[in-house]
Amino acid sequence: EVFASLADRRAVRLEFPGTSSQDFTRYQPDDDVYVVATLSENASPDRLILRGVSIRRLQEPNAPVSAR
């Protein structure tokens, strides 16, 4: 689950085109992450869908997953 901001607690669907589940093997459900993303064209006010540009675990910032 990723949230748009600390104030906006709606869950966000985050898509990383060109990646596979193998790219995320080091990520665990409780990991704090920093995400750079753009709004997907499929998003709506009720459903936030973001297209991921990069994601980093805060505990391991030198191991990012980036969109290919």
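The chain exposes about 5100 Å², and carbon and sulfur atoms supply 48% of that surface; accessible areas come from the Shrake-Rupley method with a 1.4 Å probe, and for residues only the protein chains shown count as cover. This is a predicted model, so local features need pLDDT of at least 70 and side-chain atom pairs count only at pLDDT 80 or more, while totals for chains, interfaces and linings use all residues. Residues are numbered from 1 along each chain as its sequence is written, and side-chain values use heavy atoms, with hydrogens and water left out.

**Overall build**

- The chain has 0 helices and 5 strands, where helices (H or I, at least four residues) and strands (E, at least two) are DSSP runs numbered from the N terminus.
- Read from the N terminus, the order of elements is β-β-β-β-β.
- The radius of gyration is 12 Å, which agrees with the value near 11 Å that a compact globule of 68 residues would have; this radius is taken over C-alpha atoms, and the globule rule is 2.2 Å times the number of residues to the power 0.38.
- The C-alpha trace spans about 35 × 25 × 15 Å along its principal axes.
- Of the 68 residues in the chain, 21% are buried; buried means under 20% relative accessible area, exposed means over 50%, and partly exposed is in between (1.4 Å probe, protein chains only).
- Among contacts with a separation of 6 or more, 50% join residues 24 or more positions apart, a contact being heavy atoms within 4.5 Å.

**Salt bridges, and D31 in particular**

- The whole structure holds 2 salt bridges, each defined as a side-chain nitrogen of Lys or Arg within 4 Å of a carboxyl oxygen of Asp or Glu.
- One of them pairs R57 with D31, and the closest N and O atoms are 2.9 Å apart.
- This pair links distant parts of the chain, with R57 in strand β4 and D31 in the loop between β2 and β3, 26 residues apart.
- R57 counts as buried at 13% relative accessibility, and D31 counts as buried at 16%.
- The side chains of D31 and R57 also make a polar contact at 2.9 Å; a polar contact is a pair of N or O atoms within 3.5 Å, where within protein one must be able to donate a hydrogen and the other to accept it, and residues adjacent in sequence count only if both atoms are side-chain atoms.
- The D31 side chain reaches the backbone nitrogen of Q28 as well, at 2.7 Å.
- Setting aside residues up to four places away in sequence, D31 touches R26, R57 and Q59.
- The other bridge, between R13 and E15, has its closest N and O atoms 3.0 Å apart.
- R13 is partly exposed at 45% relative accessibility, and E15 is partly exposed with a relative accessible area of 27%.

**Buried positions worth a look**

- V65 lies in strand β5, residues 60–66, and is buried with a relative accessible area of 7%.
- Beyond its neighbours within four places in sequence, V65 is in contact with F16, T19, D23, F24, Y27, V53, S54 and I55.
- V65 and T25 are 40 residues apart in sequence, and their C-alpha atoms are 10 Å apart in space.
- S40 sits in the loop between β3 and β4 and counts as buried at 12% relative accessibility.
- Not counting residues up to four places away, S40 touches I49, L50 and R51.

**On the surface**

- Y34, V36, V53 and L58 form a nonpolar surface patch with about 360 Å² of accessible area together.
- Patches are made of residues with over 30% relative accessible area and no salt bridge, joining like charges within 9 Å and nonpolar side chains (Val, Leu, Ile, Met, Phe, Trp, Tyr) within 5 Å.
- D46 lies in the loop between β3 and β4 (48–57) and is exposed, with a relative accessible area of 77%.
- The C-alpha atoms of D46 and P61 are separated by 31 Å, although the two residues are 15 residues apart along the chain.
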